[in-house]
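Here are my notes on the model, as numbered points. Please read them with the structure open.

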Amino acid sequence: MQNVRIQSESFDTGAEINTFRAARTDIGALCAFSGYVRDFGTIGKLTQLHLEHFPAMAQKQLETLHREAVERFTLYDALIIHRFGTLDIGAEIVLVATLASHREEAIEATHFIMDTLKTTAPFWKKEINDTTHAWVESRAGDITATDRWKKD
Amino acid sequence: MKVSYFASMREAIGKGQETLSLPDNIKTIDQLINWLAGSGDAYHRAFADRAAINVALNETLVEQDAAIIDTDTLAIFPPMTGG
């Protein structure tokens, strides 16, 4: 699925968004979320962030999430790009973009994809600096965020 | 059965994957985890908090009580922190 990409290489967020919606005149709304590597974490100032992942499952999981989002929010399309490997401070980690007729579907779908990806996509972050490193712990708030999208 | 470990669990156990022969009495993932936890200190420490363990059977997230057979692949890992 070309609109679900897992890669170590950096990407240009703006260019990806433009390519994603290029030449389409049927869409009324595009919503995008970008996640970046911050320069601080639980271990203090960071020099890098390392992302480990489970390749086969991550691809499967994100493709399932893509299909689910397109169907549930009646999207024209969605784009999910997630990096892995050792990333620099300030680098992009993830991009999620959605195309829809109207803003509500586009915004809700982006929110749904990000909240669900946070707890179900097999990536693990490790903070790194000159003195130490530590695995990032998952936050209870992330589980709550995923759960609130679950249908009864 | 091929079992893979990731992230802090991989570091605690000291390997990213291994191939196990399922004993006849091991029918579910939690039984397998109990068995591994009893087989060595590293496993015991890695699996100490069962609520913090996620499992994927044949690359799909499942609950720990899922049934397993020797030809399945299993992955055991901590809560995910992507995004």
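1. Buried area is the accessible area, taken with a 1.4 Å probe, that two parts lose on being put together, summed over both. By that definition, chain B and chain A bury about 1,800 Å² between them. Carbon and sulfur atoms give 59% of this area. Keep in mind that the model is predicted.

2. Which residues of chain B lose the most area to chain A? They are Glu59(B), Thr81(B) and Gly83(B). Together they make up 38% of what the chain B side buries. By contact, 18 residues of chain B meet 25 residues of chain A.

3. Now the fold of chain A. Its secondary structure consists of 4 helices and 10 strands. Read from the N terminus, the order is β-α-β-β-β-β-α-β-β-β-α-β-β-α. The C-alpha trace spans about 50 × 40 × 25 Å along its principal axes.

4. How is chain A packed? Of its 152 residues, 49% count as buried. Take the contacts in chain A with a separation of 6 or more: 76% of them join residues 24 or more positions apart.

5. Last, the surface and charges of chain A. The accessible surface comes to about 7,900 Å². Carbon and sulfur atoms hold 49% of that surface. Chain A has 17 positive and 22 negative charges.

Terms used. Residues numbered from 1 in each chain as written. Chains lettered and ligands numbered in written order. Predicted model: local features only at pLDDT ≥ 70, side-chain atom pairs only at ≥ 80, totals over all residues. Heavy atoms only, no water. Helix = DSSP H or I, 4+ residues; strand = E, 2+ residues; numbered from the N terminus. Buried < 20%, exposed > 50% of the residue type's maximum accessible area, 1.4 Å probe, protein only. Contact = heavy atoms within 4.5 Å. Areas by Shrake-Rupley, 256 points an atom, 1.4 Å probe, with all protein chains shown as cover. Lys, Arg positive; Asp, Glu negative; His and termini not counted. Charge placed at Lys NZ, Arg CZ, Asp CG, Glu CD.
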